[in-house]
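Try each task before you read its solution.

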Amino acid sequence: MKKLLQSKRQGSAVPLAVVSIIILLAMGVGLLGLGFNSRILSIRNSSDIEARCAADAGLTIALFEMNEILKAKLWNSGTLPQATDVSLPYCDAVYSYNVTGDHLGGYVIQSVGKSGLAQRTVYATTELKGLFDNAVLTKADLILKAGTLVDGYNSLDKHDKNTNADIATQSTLDSSITLNSGVVINGDVRVGLGGNPNTAIKDLGANIAGLKYGATQKEPLPQITVPATLSNKGTDISATSDTVTITPADSGTYTAINLKSSTDPGVLEISGGDVELHVAGDIQLGQSCQIIVKEGSTLTLYVDGNIHSRESSGIGVESKAKTAKALELYATGNDTQYFDVKANSDWVGVIYAPNADVDLYAKGDAYGSVVSNNFEFKSGGSYHYDRALKKVSVEDEGIRLVVDRWSEGKS
């Protein structure tokens, strides 16, 4: 009986061993399959990430090339940037992109990234951005006199009732923006990237309709260059107790502008159309002397030096619609500049001088936009931002394309 039981125990061990081996083999095969599938998934994910990075890189490069063409003023909608199977450095991925559209409807960038069998596609709709998106933008200090009203209007559309107007500084230092008693801002007040609006804004009793906040990115302030098409006239523009008229045929580079008073004030009239002047030196306006842009004409001034305005002198624009782009003033010097700008009545125009300190005096109201290093709005009335400045074209100074909408899809 004892031998019979032992025999049965020995015989049952073999099937158990076989079952154990089968289970171990199954587990091993399962683990091997899991590892293989994980490896395949990892390769696919890695390829997918590389393809997406390549697509993003293509979009970024396309946008960069478009802005370089704009900067060089060589834009041609008939020959938009494109590329095919460009290698992404340090990996096996490639990207291709093409651009479609026009400046009216906007440009769309399509960028395709490939890595192995993976392919990702991203799309971006772009919009044109100009230099004058704010009523005032400074790199450093911004000071508004007591009682100033800052609001908006639209010189191209009298039915536009949107009166929002923002002011901003790129500085984060304490009291970078000083709003004196009674100042009213019909918009936002923005301080520099990561700045604290509670310390960067010195509020002495202002009424701010919008928000006070720190910027999430730093706005580019490109250097403006003088158009190469302007010929060197080799002389200055001067008027002493008389009137000098400049027309489009007189556009060019001059050494200086000097207007002086003797028996009568010296006057410089701009008429006959669009005039472009590059002043290599200073602009000197003697007492009661005037630069006047006549109705129907425009003046674009590129100034390498400083602007000095004596008592009762000024720069005036005869524009019933208060069209700010009737007068464009650009600081193009290599060193720090100072613009002392006056107007005998209303000031109408735009000033782009990110490396210049600008003081603006107007006996009436100011209409337009200012970009400067330091800015102080002194005597006069209120400050009105021309919202028509947001409508820009590829011919404008300092124009750039930015991403308006972004989307992703598989192709």
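**Exercise 1.** Work out which ring the charged end of K322 sits over.

Solution. First, the rule: a charge sits over a ring if NZ of Lys or CZ of Arg is within 6 Å of the ring centre and within 35 degrees of the ring normal. Next, look at K322: its charged end is over the ring of Y367, 5.3 Å from the centre. K342 is another case, lying over the face of Y361 at 4.6 Å from the ring centre.

A quick word on the model: it is predicted, so local features need pLDDT of at least 70, side-chain atom pairs count only at pLDDT 80 or more, and totals for chains, interfaces and linings use all residues. Residues are numbered from 1 along each chain as its sequence is written, and side-chain values use heavy atoms, with hydrogens and water left out.

**Exercise 2.** Find how many aromatic pairs the whole structure has, then classify Y302 with Y330.

Solution. Rings of Phe, Tyr and Trp (its six-membered ring) pair if their centres lie within 6.5 Å; planes under 30 degrees apart are stacked, over 60 edge-to-face, the rest tilted. The search gives eight pairs. For Y302 and Y330, the centres are 5.6 Å apart and the planes at 20°, so this pair is stacked. Ring pairs also join F132, Y302, Y330 and Y352 into a cluster.

**Exercise 3.** Decide whether Y302 is buried or exposed.

Solution. Buried means under 20% relative accessible area, exposed over 50%, partly exposed in between (1.4 Å probe, protein chains only). Y302 has 1% relative accessibility, so it's buried. Y330 is also at 1%, so Y330 counts as buried.
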